[in-house]
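Thanks for coming. I will go through one structure today and keep to the sheets, the salt bridges and one surface patch.

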Amino acid sequence: MTRILHILDHSLPMHSGYTFRTRAILRAQMAKGWDVRGLTGRRHSAGGPSDATVDGLRFHRTPGAPATGNAIVREWRDIAAHADAIESLVQQWRPDIIHAHSPVLNAIAAQRVARRHGIPIIYEIRAFWEDAAVGNGTGTQGSARYWLTRQLETRAVRSSDAVAVICEGLRSDLIARGIDPGKIIVSPNGVDLDQFGTPCARDPALSARLGLDGADVVGFIGSFYDYEGLDDLIAAMPRLVRSRPRAKLLLVGGGPCEEALRAQAMASPFADHIVFVGRVPHDQVEHYYAQVDILAYPRKAMRLTDLVTPLKPLEAMAQGRLVAASSVGGHRELIEDGVTGTLFAPDAPAAIAAALADLFANREIWDQRRAVARAFVERERNWSSNILRYEPVYQRLLDRTVHARAA
């Protein structure tokens with residue numbers, strides 16, 4: 001039985017797009033009959049035992065809290081601790097393949113151990129760490145730290161036996177850096193339709209509690225980061241309500257921008273049309289999807305959003321919801337305007353309001369739009385089929401290792 005060790009930043013029971021993608025990958029690989037485990041770094045902050053089974057998946061933890069002090073020294077200490085944990089598990093469990101996932105610190109730690117033991121390594125990039133830092137407000141494009149991180153990323157890609165990326169935007173960027181296209185596979189974001197593919201009925205009691213009875217509901221369900229553009233969505237509400245008086249905005253989730261967004265909403269002349277729910281348990285999220293007519297994703301235009309495809313619009317399509325999103329590159333890779341969703345100009349509240357008002361005014365297209373979008377997810381973004389993209393890469397790496405050892 002093939003043993004695959006996934007090297008991760010964090011995992012379940014923490015909830016994020018990162019952990020849900022990880023869960024989907026591991027579940028699908030286990031269904032193939034592979035023996036699969038995950039090992040998280042020091043930034044996994046959920047606590048719990050060092051060897052835990054969550055949702056049927058087995059995770060090991062790197063001990064200790066994140067290092068403190070100078071950023072570069074701190075990160076190299078965390079890499080060293082992560083590498084020590086990988087080394088210990090490799091000696092104990094003897095994996096056949098190491099599958100490291102971004103950020104790049106995981107790849108650096110994993111490569112130290114993989115080279116020592118002659119284990120093939122695949123590095124999966126979900127976003128470039130330097131661009132994620134800019135998107136999260138912890139970095140600046142063009143800074144010395146940005147440049148250094150980019151160099152580390154490129155070096156990690158060159159040092160890996162194979163590379164997986166989640167979208168064509170990331171693949172094109174790596175090729176522009178001189179990486180061999182034959183080394184890269186695209187394993188796009190997908191939806192576990194067994195777990196998240198059956199929409200539930202709208203709960204009238206929840207509608208009443210949220211004040212959504214009879215409303216035209218626009219929603220966002222996810223993390224509140226600046227790059228998500230939720231400030232533009234709130235700014236669009238006055239225009240939308242003036243054309244659609246029953247319109248309401250439902251915001252489910254939380255994050256670094258939550259306090260600022262709540263303050264912005266309170267200052268809006270239509271504050272009573274904006275509803276904040278906060279974070280909800282993941283097993284309850286589908287009930288909030290059922291409350292929403294149109295899921296809106298107004299991501300701002302920047303390098304991160306142009307290169308990286310998000311997961312949430314796919315979940316919305318799987319749940320039978322209409323999708324409206326800004327026309328950044330990551331969205332254009334997922335959404336065909338007028339076919340599977342509606343695209344509007346980024347960083348433009350007026351464009352958001354106009355697109356949403358037009359969708360509400362044309363309900364006759366809704367059933368077909370939702371059916372086409374759902375079919376797209378089933379056909380091209382279903383994890384049960386996406387997982388097949390890893391299999392030939394794994395086999396090629398295993399064959400290469402066998403031949404190298406025989407020689």
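Is aspartate 216 buried or exposed? This is a predicted model, and in it aspartate 216 has a relative accessibility of 2%. The cut-off for buried is under 20%, so aspartate 216 counts as buried.

Its side chain is paired. Aspartate 216 and arginine 244 form a salt bridge, with an N to O distance of 3.2 Å. The two partners are 28 residues apart and link distant parts of the chain: aspartate 216 sits in strand β9, and arginine 244 in the loop between α9 and β10.

That brings us to the sheet. β9 belongs to an open sheet of six strands, in the order β11-β10-β9-β12-β13-β14, with parallel pairing. The edges are β11, residues 274-278, and β14, residues 342-344; each has a single partner strand, so one side of each lacks a neighbour in the sheet. On average, neighbouring strands are turned by 25° against each other, direction ignored.

At the β14 end, three bridges join that strand to β13, residues 322-326, and the two run parallel. Serine 326 has phenylalanine 344 in β14 as its bridge partner.

Two helices to look at here. Helix α9, residues 230-243, lies across β9, β10, β11 and β12, at about 165° to β10. Helix α15, residues 349-361, lies across β9, β12, β13 and β14, at about 155° to β14.

Elsewhere, β1, residues 3-8, pairs with β2 in the parallel sense over six bridges. Leucine 5 stands opposite arginine 37 in β2. Strand β2 covers residues 35-40, and five of its six residues are buried.

Back to charges. The count of salt bridges comes to 29. One of them joins glutamate 258 and arginine 262, at 3.1 Å from N to O. These residues are four apart in helix α10, so about one helical turn separates them. Arginine 262 is partly exposed, at 34% relative accessibility.

Another salt bridge is between glutamate 380 and arginine 379, at 3.3 Å, N to O. Arginine 379 is exposed, with a relative accessible area of 54%, while glutamate 380 is partly exposed at 34%. There is also a network, in which salt bridges with shared partners join Glu130, Asp131, Arg150, Asp173, Arg177 and Arg303.

Last, the surface. Ile72, Trp76, Trp147 and Leu148 make a nonpolar patch of about 410 Å². Helices α2, residues 71-93, and α5, residues 144-159, each give two or more residues to the patch. Tryptophan 76 is in helix α2 and is partly exposed, at 38% relative accessibility.

Note on methods:
Residues numbered from 1 in each chain as written. Predicted model: local features only at pLDDT ≥ 70, side-chain atom pairs only at ≥ 80, totals over all residues. Heavy atoms only, no water. Pairing = 2+ DSSP bridges. Axes fitted to C-alpha atoms, helices over the stretch in contact; angles between N-to-C directions. Contact = heavy atoms within 4.5 Å. Patch = residues over 30% accessible without salt bridge, like charges linked within 9 Å, V, L, I, M, F, W, Y side chains within 5 Å. Areas by Shrake-Rupley, 256 points an atom, 1.4 Å probe, with all protein chains shown as cover. Salt bridge = Lys/Arg side-chain N within 4 Å of Asp/Glu carboxyl O. Buried < 20%, exposed > 50% of the residue type's maximum accessible area, 1.4 Å probe, protein only.
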